[in-house]
Amino acid sequence: MTTETIEQRLTGLGVSEGIRIGRAFVYKPLKLDDIKESKTDQPDEELARLEQAKAQCALELGELIERAKLTLGEEKAAILKGQISFLNDPAFYPPMQKLIQNEQWSAETAVRRTVNQVAGLFEAMASEYMRERAADIRDVGGRLMTLLVGHQGARLSDITSEVIIVADDLTPSDTVQLDKQFVLGFVTRIGGKTSHTAILANSLGIAAVLGLGSAIEQIQHGEELIINGSTGECVLYPKESTKEDFAAALAAEQKEQESLNAYRELAAVTKDGFSFEIAANIGTPQEAAGLLEKGAEAIGLYRTEFLFMSASQMPSEETQFEAYRQAAEAMQGRPVVIRTLDIGGDKELPYLQLPEELNPFLGYRAIRLCLDQKQLFITQLRAIIRAGAYGNVKIMFPMISGMDEWRQAKALYEEARQQLISEGANVGEAIEIGIMIEIPSAALMADRLAKEVDFFSIGTNDLVQYTVAVDRMNEKVSYLYDYFHPAVLQLIKSVIDASNKHGKWTGMCGSMAGDPLAAPLLVGLGLHEWSMSPSAIQRIKQTVRKLERSACEQLTERLLDLDTPAEIRSELEAFLKLQQ
Amino acid sequence: MHSQTVVIQNTAGFHIRPAQLFTEKAVQFQSTILIKPEGTATVADGKSILNLMTLGLDKGSVITIEAEGPDEAAAVAELSELVESGFGEE
């Protein structure tokens with residue numbers, strides 16, 4: 001232990017939450033290539049050691065699978081089940097035995113050579129899905145090796161106090177071992193915003209700084225560490241003054257969080273008594289668990305894609321039903337709007353073999369894919385309808401471009417419902433069916449669609465892209481992407497007005513709904529339901545409660561006459577400053 | 001020895017789910033089971049998921065299922081049926 005250490009500041013990618021101060025828990029699982037190859041003159045003994053390690057490995061995986069089912073869901077458990085089948089595969093274990101018996105290699109060498117060889121085969125394959133299976137093979141090989149060697153290095157299941165976990169990377173079979181109450185944060189060498197670690201951290205409220213690179217080597221086990229999951233900062237050996245600064249910033253963060261927490265129980269109601277439904281966007285049923293506590297009054301968007309993307313095969317009706325039911329029950333009778341599969345060629349679903357397209361965002365995706373693959377669609381609809389018996393479930397169809405698609409999709413819903421009824425299944429009441437408005441053609445036809453749908457939900461993220469013809473991810477033109485574009489506001493207004501004319505409601509699930517700056521406009525336009533990331537709920541409620549609808553309506557009339565997003569933004573900022 | 005030539009039907013080819021279903025059935029038979037993709041010299045063990053997955057078989061791939069042992073006829077018949085039914089997918 002060094003007595004004199006200099007404070008060091010490192011920077012990675014901040015992907016979740018804010019400041020955390022704690023002790024580093026350096027997690028370094030054994031690497032296969034750390035093992036030196038060696039021969040043996042006791043092959044029988046090596047075979048026995050290998051056999052014992054294999055048996056222990058299977059036991060461990062079995063226990064992890066049980067734990068995974070409870071904490072992370074069936075999909076993650078399936079990955080581990082796959083690992084057990086690899087362990088028992090004739091191409092995995094017998095070759096190890098042969099290396100010991102026929103070539104007198106030690107058990108460790110046999111494991112190392114075989115795992116590298118088999119994983120190498122997968123890594124050489126053209127399909128990305130197959131290349132990812134190599135990681136599973138290395139994962140189970142690593143576990144086997146660890147048991148063989150009796151590696152004592154810090155095990156994740158040993159953590160019994162609050163720590164910040166420091167590792168090269170964290171795999172699903174790693175994170176499933178964690179007791180969440182002890183994990184303050186993650187710091188990793190590799191990884192990005194959409195990595196497994198980032199997604200997990202976000203959904204569990206754990207701070208995470210990823211992609212620190214080789215600088216991570218400097219963090220010692222047990223040393224004090226300060227991280228900021230928003231900025232990506234990482235401070236080692238912090239000076240007293242640094243600790244004080246961060247502690248103060250953390251206290252301010254917590255205080256703000258507390259004052260926002262006061263809004264959990266309160267409604268988003270304006271000073272002149274008009275209320276708006278505040279809902280949450282989620283991707284997994286696990287996220288539904290804490291929503292009521294966070295002040296969500298409903299789920300305005302349950303993105304079902306995650307269920308399809310995290311599975312190695314098409315999720316069955318049962319698997320889907322379990323997930324949808326979990327979300328429905330968690331909301332205790334509050335609405336849960338489930339969006340049918342919204343996926344396309346930009347996301348690889350190996351079991352769907354989607355065509356490679358030049359223009360995936362204008363191509364075979366979402367409702368188009370579902371109407372073409374009726375079996376897939378009906379299976380999903382059946383699962384959702386069945387879940388409807390356990391809560392207040394609604395369905396919405398993504399990417400509707402016109403009347404035909406809406407009617408076809410609705411007809412398939414009726415077909416699915418009839419099937420279930422004739423099977424004597426428990427289906428509950430008829431479900432509200434709505435559509436996303438994200439394509440300009442649908443927005444322009446809102447008046448006609450409003451006669452037939454039960455509700456609209458405006459997906460501003462894609463609506464802006466299609467209306468302004470801009471790719472948000474294209475740095476050269478992303479300055480054009482702005483939901484305060486006058487044309488977009490016109491479309492939003494006409495959709496809400498159309499729904500009102502026909503006694504239907506309009507919600508919004510794009511990021512505009514969670515932006516406090518947009519609140520006066522959305523109040524002025526009379527948006528009925530606002531669905532957002534759970535972390536935005538309290539601030540939006542706080543903002544709405546400062547507003548008067550009459551003033552917002554007048555403001556909105558003025559805003560709709562302005563020519564540019566910049567003008568609209570600055571008017572809104574000025575207006576908000578005046579509200580108390 | 002018994003054998004039959006079949007064509008992979010699934011849109012996504014021989015990915016993990018078909019491979020699992022195939023091997024789960026294959027291990028029920030005593031006979032050794034070999035898979036020979038058409039036009040290659042490769043021979044894979046039909047009871048090994050890893051072997052099967054690394055063959056890189058797509059929809060339309062032609063393979064010969066070969067079994068040797070007391071229940072070879074039943075093995076070939078049932079495994080061929082499984083492949084030709086598309087493993088119950090779609």
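Two strands pair if DSSP finds at least two bridges between them. Helices (H or I, at least four residues) and strands (E, at least two) are themselves DSSP runs, numbered from the N terminus. The structure described here is a predicted model, in which local features need pLDDT of at least 70, side-chain atom pairs count only at pLDDT 80 or more, and totals for chains, interfaces and linings use all residues. Residues are numbered from 1 along each chain as its sequence is written, while chains are lettered from A and ligands numbered from 1 in the order in which they are written.

## Confidence

The predictor gives the complex an ipTM of 0.77 and a pTM of 0.65. The score pLDDT is the predictor's confidence in each residue, from 0 to 100. Chain B has an average pLDDT of 88, and 98% of its residues score at least 70. Where pLDDT is low, the predicted coordinates should not be read in detail.

## The eight-stranded sheet of chain A

Chain A contains an open sheet of eight strands with mixed pairing, in the order E1-E8-E7-E3-E4-E5-E6-E2. Strand E1 (8-11) and strand E2 (13-16) of chain A are at the edges with a single partner strand each, so one side of each has no neighbour in the sheet. On average, neighbouring strands of this sheet are turned by 30° against each other, direction ignored.

Strand E3 (residues 19-27) of chain A runs antiparallel to strand E7 (residues 224-228) of chain A, and five bridges join them. In E7(A), A:Asn228 is the bridge partner of A:Ile19, and A:Glu224 is that of A:Arg23. E3(A) is also joined by five bridges to strand E4 (residues 163-167) of chain A, and these two run parallel. There A:Arg23 stands opposite A:Val163.

Helix H8 (residues 240-261) of chain A lies across E3, E7 and strand E8 (233-236) of chain A, at about 115° to E3(A). For such angles, axes are lines fitted to C-alpha atoms, for helices over the stretch in contact, and angles run from 0 to 180 degrees between N-to-C directions. H8(A) has 22 residues and reaches 31 Å from its first C-alpha to its last, close to the 32 Å expected. The expected span is 1.5 Å times one less than the number of residues.

A residue is buried if 20 or more other C-beta atoms lie within 10 Å of its own, exposed if 12 or fewer, and partly exposed in between, with C-beta atoms placed from the backbone. H8(A) is hardly covered, and the count of buried residues among its 22 residues is zero.

## Strand E10 of chain A

Strand E10 (residues 275-282) of chain A has six of its eight residues buried, so it is largely enclosed by the rest of the structure.

| Partner strand | Sense | Bridges to E10(A) |
|---|---|---|
| E9(A), residues 268-269 | antiparallel | two bridges |
| E17(A), residues 529-532 | parallel | four bridges |
| E11(A), residues 298-303 | parallel | four bridges |

A:Ala280 stands opposite A:Met532 in E17(A), and its bridge partner in E11(A) is A:Ile299.

Chain B has three helices and four strands, in the sequence pattern β-α-β-β-α-β-α. Of its 90 residues, 41% count as buried.

Its four strands form an open sheet with antiparallel pairing, in the order E1-E4-E2-E3. Strand E1 (2-7) and strand E3 (44-45) of chain B stand at the edges with a single partner strand each, so one side of each is left without a neighbour in the sheet. Six bridges join E1(B) to strand E4 (residues 62-68) of chain B in the antiparallel sense, and B:Thr5 has B:Thr64 as its bridge partner in E4(B). Helix H3 (residues 72-84) of chain B packs on the sheet, touching E1, strand E2 (32-37) and E4 of chain B, and its direction makes about 5° with that of E1(B).

Two residues are in contact if their C-beta atoms, placed from the backbone, lie within 7 Å. By this rule, 16 residues of chain B are in contact with 21 residues of chain A. Helix H1 (16-26) and helix H2 (49-53) of chain B are the elements that give two or more residues to this side of chain B. H2(B) gives the largest share, four residues.
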